[in-house]
Amino acid sequence: MIGNVLKKVFGSKNERELNKLKPVVEQINALEPEMQALSDDQLRAKTQALKERIDKGATLDELLPEAFAVVREASVRTLKMRHFDVQLIGGIVLHQGKIAEMKTGEGKTLAATLSAYLNALTGRGVHVVTVNDYLARRDTEWMGSIYHFLGLSVATVVHGLDDSQRQEAYNADITYGTNNEFGFDYLRDNMKFALESIVQREPHYAIVDEVDSILIDEARTPLIISGPVEQAGDRLYEEVKPQVIKLKQNQDRIMRTMLDEVLKGLEEEGEADGVLELLLKVKRGDPKSPRFLDLIAKRPGLKKKLEKLEGQLSTEKLLPQIDQDLFCTIDENQNLVELTEKGLKLIYGGHADDYIVPDLDEELQKIDEDDRLTSMEKRIQGRKAEAFYREASERFHVTRQLIKAYWLFNKDVQYVVKDGQVVIVDEFTGRMMPGRRWSDGLHQAVEAKEGVTVAEENQTLATITFQNYFRMYDKLAGMTGTADTEAAEFKKIYDLDVIVIPTNEPMIRLDYPDVIYKTEAEKFKAAVEEIKQLHNNGQPVLVGTISIEKSENLSQMLTKVRVKHEVLNAKNHEREAEIVAMAGQKGHVTISTNMAGRGTDIVLGEGVKKLGGLHIIGTERHESRRVDNQLRGRSGRQGDQGSSRFYLSMEDDLLRIFGGERMSSIMERLGMEEGEPIEHGMISKAIENAQRKVESHNFEIRKQLLKYDDVMNQQREVIYKQRREALTGKSLKPAIEDMIRGLSERIADGFADEKVLPEEWDWKGIRAATYLQFGLHLKMDRDTMDGLTRDGLAESTFESAMKTYEEKEATFGAEEFRQLEQTIVLQVVDNLWKEHLLAMDHLKEGIGLRGYAQQDPLVVYKKEGYEMFMDMIERIKEETVRFLFRVQIARPEKMVAREKNKQDQLVYSHDGEVARQPVRRSKKKVGRNQPCPCGSGKKYKKCCGR
Ligand code: ADP
Ligand code: MG
């Protein structure tokens, strides 16, 4: 209340920000007549003139009004669109490195040209990031007219380009592309073996379109490049599968008996404690069982009681007692599965004690302290323990992934099986993502479940989160129709402010309150009824669903009542944009998953305004309010007529899982009849609360991911920087010399105890170490030995090693030897870094498993991760020198070729999925008559090659 009054007095922060921009807009407008008076050539010459002023020290802020006026005039002449004032504001906000919230259809694509042009004047490159390749191409071509007119180059990076095409695209003034392309190119660049093949320039300025989708939804999982692991673990899935099936059969049987008992109990004694406890077991054992869901839906109060009981038992630490009758427990909410004692016994055939992944550290320590063992035996036993540990943890991991596959992943919802392959269905767009794979063995598990060929497992070679990728830009900006609900996250993670920009025309869409039914069937029946009525009137309807399965059900229902419609889902996504674009035509009914066709403009057909414009029907609420707003936003663009309504049921996941007590009690209070909807402000409020809960839960997950990645990020920066330096071609000789010195010192430190006479030092050890490290047979006559100090030993080792080093250099020839050094350093770094990534993964997983009682897992991860990293740095030195001293005549070219061969097997993944993307390496230049690499479809000479 008070907040509102204060806002009225002072204006909100947003209004104040907007007010500050008004004078700039006026300045731009004032320049318009001047620009209109220029000839095309004169207008184009402005670009050069502005660039020169930058060279003379003018700031971009100073140039902004003129540059924007130039772009606006160029747009009028090329695209016949004159940037609206609100688009100018959007442009300024983008230039300031903030997020411009501009509703769907307000023309964000055009607004971005202003700031892209201004910032490209620096010559340092501007990236415009889109949600898919289709939009990257569309926007390059569409907005390309303006840039070309003004003499700037523009290009697209899309799937399937080779390095030289990518280089060219990145050298353009403005580059359009998807977040995945930009991110993977960054990672790939840091795996390159020659400076010339690096494609990206220093990250300068990025404008991220649909910024919430990219920086929030897609940021839940990192980008990963992986390659095949040396030893394949895929047979494990086949091996464990029968046991998991057995587990499921057993669990299902218990579930059936328990449910029977629950039903009987409910009849005889009502919701007594014993009955509830039994029902809780069912919930923990199979939360998605249709019978269970049915029961819960029929008795709204029951769910509340169950949750209360679960919460209570959880705080009292009594849940294990509930779980002891089960084989495994499933937490749908957190996507977690756990084997119980009983389940472990079943899977591991009675030796439940052996099941637990052994604590390797403890094991190794025991071996180490065992005096009966010689050092050789200790080493052998240590290896054995490690191998056992690896096998046990892999088996454990595979088992859990299979359980998830069986209980939580459903065919035709999360994935489809097509041509013998498991194809992921995108949760947000409902599109099939062929070639993408879930990571961490989940995809293999689903493959095993569906009986299709289980693909090889891959190992991470490079990885980064979007958060850390986009933070590298000097300046970051974004635009979307829906940012405000996530303003806090943008601020905290990316330090991005959100400015809400008013619409060009007032928004007149009618958003009706939600209607809510008891069951899903009733809900869909009602929705179909409404669609049919509107359709008969000729009003276009766009229906949002949350999964393919649901959209297909709905489609069947509509077919039954003879309503002609288009379905937009996995099976015809090529035509996605086309279909969405037509959704506003008279009489069109379009079923689409919630986010499908983002970025495509829906223009109303003739006479549709009179009918009330496009009507949106949501058939379920998404976890995030933002996604619902996206769906709604498809209607009412540019002051169009329009309306929207969501149909919900008590059986919807959101209400079921997160609705909580409040929802149930409201429902009870209001009373609910079969087929009768409830439409009440209180419910909308309760749903919003549920969504807020999920949103903040998801934010927590992303924050956590980021905290872990931050540890990795520092390490990645060090390694990538070192790697880049090795690539620059500067001589590595001084660095190698330092390594040799350091290693010589280390040998001396290890063996030369100055408290005893030199002849009593462990000379066997010294000789072995020198031989291992430098391939040197240390010769030492008595006399030298007698007066030797620790420093003397170090110095003489160093000198002998340097002598060998120089000799080697002479045999190879200095130039060739420098090359060799470079290749070896890069290979060693890459190899150890890869191992380190794996070790860090294990560390993270292990911390979870070990469940540190008192310590914060993140702190442990940081500390141990740091130690491992320092260890790796030492090993890089050791191995580089060891390799170098051993290498005979191995042509570096050959090694490079071998490395490149490996690149063909790389797999690119994101969002827990993996995309196989063979790297094409034709070094061909683009011919003048060939299609332009920017993807415009025009000939190269007519497009970017002009
Ligand atoms: P958004 O990305 O904000 O949803 P788009 O960039 O797809 O919107 O543009 C929506 C529609 O508005 C497009 O058809 C575009 O041609 C049109 N449009 C944008 N700006 C203008 C303008 N200044 N004048 C006329 N039409 C415009
Ligand atoms: Mg757009």
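An oxygen atom of ligand 1 lies 2.5 Å from an N or O atom in the side chain of D601. This is a polar contact, a pair of N or O atoms within 3.5 Å. The protein covers 82% of the 570 Å² of accessible area that ligand 1 has on its own; such areas come from the Shrake-Rupley method with a 1.4 Å probe. The model is predicted: local features need pLDDT of at least 70, side-chain atom pairs count only at pLDDT 80 or more, and totals for chains, interfaces and linings use all residues. Side-chain values use heavy atoms, with hydrogens and water left out, residues are numbered from 1 along each chain as its sequence is written, and chains are lettered from A and ligands numbered from 1 in the order in which they are written.

| Residue | Part of residue | Distance |
|---|---|---|
| D601 | side-chain N or O atom | 2.5 Å |
| K108 | polar side-chain atom | 2.9 Å |
| E106 | backbone N or O atom | 3.4 Å |

Around ligand 1 there are 16 residues, of which R82, Q87, G105, T109 and D601 come nearest; a residue counts if one of its heavy atoms lies within 4 Å. By class, four are nonpolar, six polar and six charged. Helix α7 (residues 108-120) gives the most to this shell, with three residues.

K703 is found in helix α30 (residues 681-727). K703 is buried, with a relative accessible area of 17%, because buried means under 20%. Leaving out residues up to four places away in sequence, K703 touches K492 and I493, where contact means heavy atoms within 4.5 Å. K703 and Q467 are 236 residues apart in sequence, and their C-alpha atoms are 9.8 Å apart in space.

How values were computed
Helix = DSSP H or I, 4+ residues; strand = E, 2+ residues; numbered from the N terminus. Buried < 20%, exposed > 50% of the residue type's maximum accessible area, 1.4 Å probe, protein only. Polar contact = N/O pair within 3.5 Å; in protein donor to acceptor, adjacent residues only side chain to side chain. Nonpolar A, V, L, I, M, F, W, Y, C, P; charged D, E, K, R; others polar.
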